[in-house]
Amino acid sequence: MTSIAPGPKRVRIVVGVDTHKHMHAAVAVDELGSRLGECHVRANREGYAQLEAWAVSLGRPMAFGVEGTASYGVGLASWLRRNGYRLVEVNRGDRRSRRMNGKTETLDAEAAARSVLSGESTAVPKSADGTAEMIRQIKIARDTARKGRTSAIVTLKAVIVTVPAELREQLEGMADKALIGRCSGLRPGPMDTPTASAKHTLRSLAKRWIALNAEIGDHDRILDELTRAHSPNLRDGFGIGADTAAEMLIVFGDNPDRIRSEAAFAKLCGACPIPASSGVTNRHRLSRGGHRHANAALYRAVIVRMRFHQPTIDYTRRVPCQVCCSVSGASCLRVGAWGCASRGRAQSRFSWGLTRLYSSM
C-alpha cells in the first residue's frame with residue numbers, strides 16, 4: 001500500500017495596507033511576526049486584484065489591516081469584503097513609534113499588519129454599500145449648503161454696512177427674509193457708480209441664499225424619506241428628527257452588527273463617563289472622544305426630551321447623578337441623560353434606548 005506525502009502547509013499571513021490616492025503599499029507578515037514581503041499597487045480594480053494575488057501567493061491571508069477604510073481605502077475595502085476576506089480597520093500609528101522608527105509607506109503598512117496580528121486593532125469598518133452610505137452623502141451636500149447659506153447672509157449684512165448711505169438706510173433694520181427678498185429684487189442698472197456695484201453684489205448674495213435655501217429643502221426631503229424608510233422606529237422616537245436620525249444611521253453604517261454591544265455604541269458616540277480617579281478620589285469626567293457629530297445629535301435629542309418628554313423628566317428626577325459634582329451647566333444635563341456612572345461602570349441609558357430603537361427597526 002503506497003502512502004501519499006502530505007503537501008506543504010500553507011503559511012497563515014496578515015497583510016497591512018497603507019492607502020493613498022493613487023498607490024497602495026502592502027506588507028505581509030506571518031503568524032509569528034516575520035516579514036514576508038512588500039507590494040505596491042495602483043489604487044484601482046486591477047491593482048486590487050494584483051494585491052490579492054500577491055497575498056495568496058505568500059500564504060493563506062487571515063486578515064487584511066487597512067488604513068483609511070472610509071477615504072482612500074474604501075475601494076480596496078469593498079473589494080476585499082466582496083471576496084470574503086476578514087477586514088480590519090487600522091488607525092494611524094502613535095507618534096512616538098513614528099519618531100523612533102521613521103515613517104514611510106511600507107513602514108506604515110507593516111505597522112498596520114502587526115497591529116492586527118497583535119490584536120490591538122479589531123474594529124470592523126463600515127461596509128458603505130447601502131442606505132446609510134446614501135444618507136451620509138446627502139448629509140454632506142446638505143451641510144455644505146448650510147454653510148454656504150450662512151456665509152451668504154453674513155456677507156450680505158457686512159456689505160450693507162459699507163454701501164452708500166441712501167441704499168444702506170433703505171435696508172437697515174429689516175428682518176432676514178424681508179432683507180433677502182428686497183436685495184434679490186434690486187436693479188443695478190449701468191455699472192458706473194458705487195451704488196450700482198453695491199446693488200449688483202447684494203442681489204448676487206441674495207440670489208445665492210435663495211438658491212442654497214431651496215437646495216437645503218430638497219436635501220431635507222430626501223433625508224426624511226431615507227431615514228423613515230430605513231429606520232421607522234428610530235424616527236418615531238420623541239425628539240428625533242431627520243437630522244438626528246441621519247447622524248445615528250451614519251455612525252452605525254450599513255453593517256450595524258459591527259458594534260457589538262450598547263456600551264460600544266456609547267463609547268463610539270463619546271456618551272460614556274471616563275474614570276478619572278486617583279488615590280482616594282473617585283470621580284468621572286466627560287468623554288472628549290468619539291464621533292462628535294453623533295454626540296451633538298444625542299445632546300440635542302436629550303435637551304428636547306428633558307424639557308418636553310414627561311417619562312424622561314421623571315427619569316432624570318428619579319435617577320441620582322453621581323458625577324454632576326464635577327461638571328456643570330449643559331454638560332451636567334448630558335451626563336444626567338446618559339445615566340451617569342454607577343460603581344465605576346459607565347452607563348448610557350439614553351443611548352441604550354436609541355440603540356434598541358435602531359436594532360428593532
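Close-up 1. α5, α10 (242–252) and α12 (292–308) each give at least two residues to the lining of the second largest pocket. Helices here are DSSP runs of H or I with at least four residues, strands are runs of E with at least two, and both are numbered from the N terminus. α5 supplies the largest share, six residues. The space in this pocket is about 280 Å³. Its lining includes Lys139, Asp143, Asp243, Glu247 and Arg300. By class, the lining has two nonpolar, two polar and seven charged residues. A pocket is an open set of points on a 1 Å grid over the protein atoms alone, where a 1.4 Å probe fits, with protein on both sides within 12 Å along at least five of seven lines; lining residues have an atom within 4 Å of a point.

The model is predicted: local features need pLDDT of at least 70, side-chain atom pairs count only at pLDDT 80 or more, and totals for chains, interfaces and linings use all residues. Residues are numbered from 1 along each chain as its sequence is written, and side-chain values use heavy atoms, without hydrogens and water.

**Close-up 2. Salt bridges link seven residues in a network.** The members are Lys139, Arg142, Asp143, Asp220, Asp243, Glu247 and Arg300. A salt bridge puts a side-chain nitrogen of Lys or Arg within 4 Å of a carboxyl oxygen of Asp or Glu. The structure holds 18 salt bridges.

**Close-up 3. Arg35 pairs with Glu38 and with Glu110.** Arg35 and Glu38 form a salt bridge, with their closest N and O atoms 2.3 Å apart. Arg35 also meets Glu110 in a salt bridge, at 2.8 Å from N to O. Arg35 lies in strand β3 (residues 35–42) and Glu110 in helix α4 (residues 105–117), so this pair ties together parts 75 residues apart in sequence. Glu110 is buried, at 14% relative accessible area. Arg35 is partly exposed at 35%, and Glu38 is partly exposed at 40%. Buried means under 20% relative accessible area, exposed over 50%, and partly exposed in between (1.4 Å probe, protein chains only).

**Close-up 4. The largest pocket has 40 lining residues.** About 1,200 Å³ of space lies in this pocket. Glu89, Val90, Asn91, Ser121 and Ala123 lie nearest its centre. α4 gives the most to the lining, with seven residues.

Technical notes. Points joined across faces, edges and corners; volume = space filled by probe spheres on them. Nonpolar A, V, L, I, M, F, W, Y, C, P; charged D, E, K, R; others polar.
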